[in-house]
Amino acid sequence: MLLHIPNVLSADEVAYFRHQLAGAGWADGKLTAGYQSARAKDNAQLPDTDPVARELGGRVLDALGRSPLFFSAVLPRRIFPPLFNRYAGGQSFGFHVDNAIRYERGANGAQVPVRTDVSTTLFLSSPDDYEGGELVIQDTYGTQRVKLPAGDLVVYPGTSLHEVTPVTRGERLASFFWTQSLVRDAGQRRELFELDRAIQRLTVAAPGDPALVQLTGVYHNLLRRWSDA
Ligand code: NI
């Protein structure tokens with residue numbers, strides 16, 4: 001399932017992010033790529049230890065915390081600290097699958113594994129500011145091409161083959177990160193998301209209906225069965 005979530009960051013927040021990123025310490029994206037993806041990857045990336053990456057990453061997490069739609073769709077258990085990349089001058093990232101496990105630096109240097117169930121790209125450049133730079137995702141329902149307004153994000157299964165097409169004009173800034181979900185199976189996650197959306201709609205359309213209590217019970221009981229929390 002691909003899901004577009006609009007307005008995760010406000011226009012003011014996007015402007016602040018771009019200002020901070022303009023003066024940040026960009027490095028070659030190949031430094032953080034795996035063996036296979038290093039051959040396909042040509043972009044700039046902020047090192048995870050960069051103070052700007054940490055500060056803005058924290059702001060991304062705060063914004064996600066204000067998004068009930070992100071929570072409902074992803075059911076996050078652990079979110080890998082958001083990273084930032086930049087494509088310009090014909091740069092691209094050819095088709096690849098992201099590593100299944102990422103290691104987050106924990107307290108006392110411990111490496112905490114994060115299973116990459118769900119991938120997210122948060123767009124920070126306006127689509128008018130660059131040519132190309134589409135995120136192309138091969139989903140079970142075919143190939144999807146994604147290029148969103150600044151401040152919007154897309155979530156898609158971590159299992160998907162995906163690429164970023166060459167940026168032939170301007171510059172494309174984005175934040176990207178992975179989430180380990182409480183529910184490992186993408187199909188089960190989708191059923192829970194659909195059920196939750198239906199419950200939200202009924203809460204508005206028929207707030208007093210006792211079936212709402214029943215459906216909410218079914219939602220939580222399925223989550224209890226399927227979550228590995
Ligand atoms: Ni990727």
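Okay, so 44% of the 229 residues in this protein chain count as buried, where buried means under 20% relative accessible area with a 1.4 Å probe, protein chains only. Quick caveat: this is a predicted model, so local features need pLDDT of at least 70 and side-chain atom pairs count only at pLDDT 80 or more, while totals for chains, interfaces and linings use all residues. Residues are numbered from 1 along each chain as its sequence is written, and side-chain values use heavy atoms, with hydrogens and water left out.

Overall shape, then. The chain has 6 helices and 16 strands; those are DSSP runs, H or I of at least four residues for helices, E of at least two for strands.

What about the inside? The largest nonpolar core has 29 residues, and L21, W26, L46, F84 and L124 have the most contacts inside it. By core I mean buried Ala, Val, Leu, Ile, Met, Phe, Trp, Tyr and Cys joined through side-chain atoms within 4.5 Å. Several elements each supply at least two residues, including α1 (11-22), α3 (51-65) and β16 (167-181); α3 gives the most, with 6.

Look at W26: leaving out residues up to four places away in sequence, W26 touches L21, A44, Q45, L46, F84, N85, R86 and L173, with contact meaning heavy atoms within 4.5 Å.

Apart from that core lies another, of 12 residues, among them Y87, L135, Y156 and V167.

Terms used
Buried < 20%, exposed > 50% of the residue type's maximum accessible area, 1.4 Å probe, protein only.
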